[in-house]
Every structure is written in structure tokens, then in C-alpha cells.
Amino acid sequence: MDSIRESLLKKSKATKKDRFARVITFSALLLIVVVVISIFLFVASKGLATFFTNKVNLWDFLSGKKWAPGQTNAQGQPLTGALPMITGSFLVTLIAALVATPFAIGTAVFMTEISPKHGAKILGPVTELLVGIPSVVYGFIGLSVIVPVMRHIFGGSGFGIIAGAMVLFIMILPTVTSMTVDTLKSVPRHYRESALALGATRWQMIYKVILRSATPGILTAVVFGMARAFGEALAVQMVIGNAPLMPKGLTSPSSTLTSILTQGIGNTVMGSLENNALWSLALILLLMSLVFNIIMRAIAKKGAM
Amino acid sequence: MAAGTQGSLNLTNEQPDRHIYHMDEDKHEIALSTKNLEVYYGDHLALQDADLSFERFKITSLIGASGSGKSTFLRSLNRMNDDVATVKGNIMYRGLDINSQDIDVYEMRKHIGMVFQRPNPFAKSISDNITFALKQHGEHDKAKLAEIVETSLKQAALWDEVKDDLKKSALSLSGGQQQRLVIARAIAMQPDILLLDEPASALDPISSAKIEDTLMELKKRFTIIIVTHNMQQASRVSDYTAFFHTGQVLEYDLTRKIFTRPKVQMTIDYVNGNFG
Amino acid sequence: MLNPKQSDKLASIILYTIAGLVILILAALVGYILVQGVPHLSWHFLTSSSSAFTAGGGIGVQLFNSFYLLIITMLISFPIALGAGVYLHEYANQKSRLIQLIRTAIEILSSLPSVVVGLFGFLLFVVQFKLGFSILSGAIALTFFNLPLLTRSVEESLRSIPDLQREAGAALGLSRWETVGHIILPAAVPSIVTGVVLSAGRVFGEAAALIYTAGQSAPALDFGDWNPFNTASPLNIMRPAETLAVHIWKVNSEGIMPDAAAVSAGASAVLIIAVLLFNFFARFLSNVLYKRLTATK
């Protein structure tokens, strides 16, 4: 009797081990958080140095059209206009998303509503698989197929915004499609049945009922695809031409934040203005990925209401 | 809910709102008792004011409609609700308040075991299901473990059905067998008290009857508290019955009295099946 | 105007066309790489060193580097992801603000562009900690890139194990840790393994996070020297190590060897086949493990 009372009041070995495990697993979790915070701190401190240490004007940085951080203009100000890259990044992302969205929705509707059998057997696994294809492979395809085709059609070198956007379109298409499929599948079955029972044609049912109620999910899929496209570095870098100039047209060599960043960071000296300016581009990328994240959250919140 | 009282015969108008049987500690050996037990899920008060004593080597049934608080009460007794609810009040066991921060919960649960509504054997062999926790608690003597496997399976009336397949996966057993295995697993720990949360409700009538037989056998060695929806089961197996209604114990008495001469109108209605 | 029936028909035609086009694009994509790349595959190509200026170089070192880097990455990231996943699902109070904040942080990490993660690895490990372009730096960068997904997949695997099992353990006086370690985790192994192999496929093909961490050069390795402390040893984790994915990028953007197109086609084919294999392997393994776990002994 007494020994049981005693054992109840003492911390058992199991309890001690459990506490230890709790601390260890929490440390692992904390480590991830520390990584996230450090990424932001380090990139921010480097990226902001351009403005605080090198005294570059933020507005000039964002709106300047000439990117040559090693050189100065007539007023002795360094040429750190990032607008060409910002424009390039947004252009390729928007075009890729605009092209990918109808394809993704169409395919997803086909897979879930028109021909679920083929969808489940062929298209589904294929898209799942393509989601996992490394982006350099898409870049290689772009370089060996898309760029020559562009050259053939539009003349010039073939490198440019269109080539970049096409590569990104193919790259995000499987992801956006498979996310859209998941959303469509989650539309309750009785929505479909009651629409058809009311005499709607299949298309009316799809358009007025299913796509309407799946809109938040589809938007999330598209924004997710855009975030991936915006942050993609190598595939775009291989086909866009990497000329830090304001895009004159969609088929002339241009650049994105990521392409200039990957090209330049190895060729500049740590701590120099040229280097800091590149980190500022990285900071823009970081902030944009936050923005995409916030947009997705906002959509999810609205969709839940 | 009060509608039930309208149609039925009201012989006396002075029925009490509550009637709780208080055990005399000199006459009965009390294994477990609660004092002012209150359970909150967030802000929602799910159970209030529960003062019950449970006699040693007896079976006590907890009855009441869904959401009446009986399962909440049961799960609070060995602190299975700690993660999801706030439990206030005292639970006295061996002169200790086991609802206190100083108590080693894992140690306590070795003495107050629990069996759930749905059978939950581990994805291990039949014998491993029984020995696993014992090994974790430090018992490694193979002969002794084998003996425990046999006695506990016998006590749970499962031995004859599985004695040749002890190495078979527990998941290959039928639902009723699984539930008896789970009971065997619980009693292998040699607990003082066994809490059962509707142990037979997911089973067919035959399995259910076997479980009842098992319980009658087990009460020789264990104090048993069982939540049940089944009035017949409660009246057949238990010595005491507590009737829960909207988070309160309205009546607690000898089972015989609850089912023949309940004192509270609500109990009369519930036992007669006027609501539930 | 079209009546509903006609528009229904038109819509069907459009949908069939779109789906057909997508199948065509995707099939052409995979077909192109395989048609271009597979003829170039040979034992020589898969095992010999690359060459910078002349034709006939192989991808042997890169292939080895990719696998070795993958293993080191998994060795670092799996324990962390396992711990984090276990805490998130088994210990954490799901309603706590802190846990919600941590979840957000993990989600943000998973959405960061891999090039930024790579540059952070470059800044911190290559430059600050002076690890140089090395397998270790690369593996750490890939770990950052890999952690959110792997953690999520561990958590999902744990979620798929019914709470009944946790209650069973608790009711027997087993601590949370004993229950998780001996009952929940073993039951979750098949789905955890699937998650690991799938994330391995992603890590295997990642390049942007590596070009400034594991580096863009593949010094020749002495496959007879297995002392990890020797510079030419394949096991040395302080040596720079260009992987297959980085090689494809490098060859295409700066390569001057005459057979650059063929080399990258061959390498791309290998990469795609590897990803395919990872996929099949994941499915196969989870089936086998699942069967073994539930089989009657």
C-alpha cells in the first residue's frame, strides 16, 4: 500500500524520459524556426546594406532602369536600377500563370468531371510525376526546344520573356493542375447531384456550381504556381538571355531577379556595392514570397467564410 | 426534456431533484471517490459537482443520455482528459488526490486501467499485446510473462480461443475477441480499478454477453466502473448505478433501487426509456 | 446565342481539346528528353568523369555526388524533421499561439525560393563558417530546403494513426514517449518512408540551392580511396561536389564542349529516370512495409 503511494508521488523513469523526449523534439522544431528567422535576418541585413551603407536611394533602386552597380551616373550615383529585373520577373510570372490557368482548369475539369476513368488512370499519375521533374530539366527543354522555336517565329536570338514564360508555364502546369484537381474533388457530391436534378446541363453544372464553389482553391493553386514561377532561378536563367535591360519586347533578351542573382553573386566581392545590390534583389524575392504566402492565406480565409 | 414528466404518473409531488447515496466508510471499503469534480471543455462546463464513492470489488454502472457527462466523468478518473479538458476537484485514491500536479500520471494509470468503446489492440501479436506494457514497466522474466499472458487471457475468457495462436497478429481477431484481448491486456497490469467506457456497445449480442460474463468474473479481483447505454446490461452486472443528466449526477444508489424504486423523476423517465 | 445544349457540347469539345493538348505537351516533354537522352546513355557515360572542353565526357562523378549529397542531406534532415513532426503532432498544444506561429514559419520556409535558401547557405556556411564549397555546405542548404516538406510528411503520417492507439498506450500507464516510440512510429513507418523517398526525389533534382554551396566543380575522385579524410576520397564531405542537376545547368549555360547538348540530354534523361524510380520505389516500399506490418505472423 505504502509503496504504491510513494510511487505515485515520485517522478517515474517514464516521466523523466518523456520530458527529455519532449525537450529534444521541441528543440528540433525550434531549430527550423531559427533557420527561418536567420534566413530573414541575414538576407535583410545584406540586402539593406545597399541602402544604409552604400546610401542608395530606395526609390532609385526600385524605379531605376539601368543596372550596372559597378558604374556611376553623371551625378556620381551608382547605377542600381532594379526595375528591369522586377519587370522581367513579374512579366514571366504573369504570362506563365495566365497561360497555365485555363489549361490547368480545363485539364482538371476533364479529369474529375468529364472522364474520371482516364483521369485517374493516366492523367493523374502523369501530372503527379511531372510535379517532381527537376526545374533544370525544364530549363534544358526550354533551351533546346523553345528558344529555337522562338528564334524561328520571331527572329532574333530567341531568348527573352516569352521563352522564360513558356518554360515556367510548362513547369507550373502539373503543380497547378494537380492542386486544382484536389480542389474539384473536394466539392461535395450532392452539389453535383442537386444541380443535375434541377435540370442543368453538365456544362452548366460545372460552370455555375463546381467552378464557383472551387474558386478559392483554384486561386490558391494559381497563386502557388506564381510563387514557384517567381522564385524559379535556373530554368529561367537558361532561356531569358540575362540582359539587365528594360524589356523592349517579349522576345528580346531580358532578365529576372533570380537570373541576375544567380549569375552575379559568384562574380562579385562580398561586401562591395555590386554584391550588396544583388542581396537587395534576394531580399525582394524573399519579400515577394511572403506576399504570395499572405495572398494564399487571405484566399483561404475568405474561402472559409 | 422536462416534457417527459408531463405524461407519466406523478404519485408524489415532492420528489427530490437529486439523490446521492453516501457510502459509510466503516461499512464499505472505498476504492475511489470524487469530490466536487468539475470538467470544462474550454469555457463549456461539461460536468459539475460530482461526488461519488466507488466500493471495492463491486461494479458500478454510469448511465445517462449522450452528452450527459458520464464518459467525461469516467475519463477524468484516470486523467485521460488532461489534454483536452480542465478538470477541477479531487479524486481520492489510497488517500491521495490523484488529480493533483504532484501525481505521476503514468504511474497512476498502472493502477487505474481503462478499456475503451472501440477495441484498440496494437498492431502486434496477441501475446505481445499483453506483454508489451509489462516489458516497458520493467518485467523481463519470460516464464513470468508467459504465465501472465495465460492467466489474463483466461480471466478475460479468451484463452481457449487463442491459446494456439498467441503469435498471430491481434488485428486478425474478431471485434469481440479484440475487445476481450484489450481487457486481458488491461488486467495483466494488475490494476486496482478498471474503467470501462461502453466496452460492449460496438459488439454483437453474443460477444456482448461474453464480456458481461467476463466482468462478473473480474469483479472478484478488481473494482470496476463501467459506462453503458444498455439498461439491461447495467441492471444485470452492476451493484451500484449512477444516473447522469446534463452534466450532473442526479441519482446514485444501489442498482436494485435505481431500477425498481428510483427517487428522482428524471431517473424514472430515463430508466423507463422516456428519453435517451 | 447558343442554347444550353449547344454550349454544353461546345464546352465538352473545348475541354477535350485542352486535356488533349496538355497530354500532348507533357508527353512531348518526357518523350523529347528520353528520345534525345537515352541513346546517349552508356556505361561509359554513366561512369566516366566529365570533360570541360572535349567531347565524350561522362557524368560518373556527378551521379555519385548527387547520391552522396542526397544521403548526407537525409542523414541531417530526417532526425530533425522526425523530431519536429513528433513534437507538432504528439506533444504540441494545437491551440497555442506559439505553435500556430511556428507552423506559419515552417510554411514560409517551404515557400521560399530555393535560390534564396542556397544563397543563405552560401553566406552562412561557405563564407562565414569557412566550410567552402563543399558537400557539407550543400547538404545543409538542402536540409533547409527539405525540412518543411519532410516535417509535414512526418506529421501527416502520425496523423493517420488513430488516436485509439494513443489512448491504448496511455491507459496502460505508458508515457507519451513510450507510446509514440513503440506503437505510433512503427505503425507510421510505411507512410513516413513514402514521404522520405518522395522528398529524396525533390532533393535529388535540386540545383539552385547548390550552385553556391556544394559548388559547380567536380574534381576527379579516386574510387579506390574510401578514407573520408583524404581530398580525393569520394566520401570526403569537405570537397566541392557538382551534382547532376547542377551539371545540366552548368553545361547549358556555360558549357563549351562540342557535345554539350548530348551530355545535357543524357544527364536530363538520367535525372528523369531517377525521379521516376524514386516514385515507383516509394509506392513499392510503402506497399511492402504496409503488408509486413499488418500481416499475420
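How many residues of domain 1 of chain A are in contact with residues of domain 2 of chain A? I started my notebook with that one.

**Entry 1: ground rules**

I am working with a predicted model, where local features need pLDDT of at least 70, side-chain atom pairs count only at pLDDT 80 or more, and totals for chains, interfaces and linings use all residues. Residues are numbered from 1 along each chain as its sequence is written, chains are lettered from A and ligands numbered from 1 in the order in which they are written, and side-chain values use heavy atoms, with hydrogens and water left out.

**Entry 2: the two domains of chain A**

I looked up the domain assignment of chain A and found domain 1 (2-53) and domain 2 (83-304); such bounds come from an automatic or database domain assignment. My opening question has its reply here: ten residues of domain 1 of chain A are in contact with eleven residues of domain 2 of chain A, where contact means heavy atoms within 4.5 Å. Taken over C-alpha atoms, the centres of the two domains are 36 Å apart.

I then checked the area buried between them, which is about 860 Å², with carbon and sulfur atoms giving 79% of it. Buried area here is the accessible area (1.4 Å probe) that two parts lose on being put together, summed over both. On the domain 1 side, Phe40(A), Val43(A) and Lys46(A) lose the most area to domain 2, together 58% of what that side buries.

**Entry 3: the nonpolar cores**

Which residues touch the most other members of the largest nonpolar core? I noted Ile39(A), Trp67(A), Leu281(A), Leu153(B) and Ile224(B), out of 225 residues in that core. Domain 1 (2-53) and domain 2 (83-304) of chain A both give residues to this core, so it lies between them. A nonpolar core is a set of buried Ala, Val, Leu, Ile, Met, Phe, Trp, Tyr and Cys residues joined through side-chain atoms within 4.5 Å. Buried means under 20% relative accessible area, exposed over 50%, and partly exposed in between (1.4 Å probe, protein chains only).

I followed Ile39(A) and left aside its neighbours within four places in sequence: its contacts are Leu286(A), Leu109(C), Leu112(C), Val116(C) and Phe120(C). A second, separate core has 41 residues, including Val87(B) and Leu96(B).

**Entry 4: the sheet in chain B**

Next I traced an open sheet of seven strands in chain B, in the order S1-S12-S11-S5-S10-S9-S8, with mixed pairing. Strands (E, at least two residues) are DSSP runs, numbered from the N terminus, as are helices (H or I, at least four); two strands pair if DSSP finds at least two bridges between them. The edge strands are S1 (19-20) and S8 (112-115), each pairing on one side only.

Six of its six residues are buried, so S11(B) is largely enclosed by the rest of the structure. Tyr240(B), Ala242(B) and Phe244(B) point one way, while Thr241(B), Phe243(B) and His245(B) point the other. S11(B) runs parallel to strand S5 (residues 59-64), joined by five bridges, and antiparallel to strand S12 (residues 248-254), over six bridges. Phe244(B) is the bridge partner of Gly64(B) and also that of Val249(B).

**Entry 5: chain B against chain A**

Last, I looked at where these chains meet: 13 residues from chain B and twelve residues from chain A take part in the contact. About 1200 Å² is buried between them, and carbon and sulfur atoms give 60% of that. Arg94(B), Leu96(B) and Asp104(B) supply 50% of the area that chain B buries against chain A, more than any other three residues.
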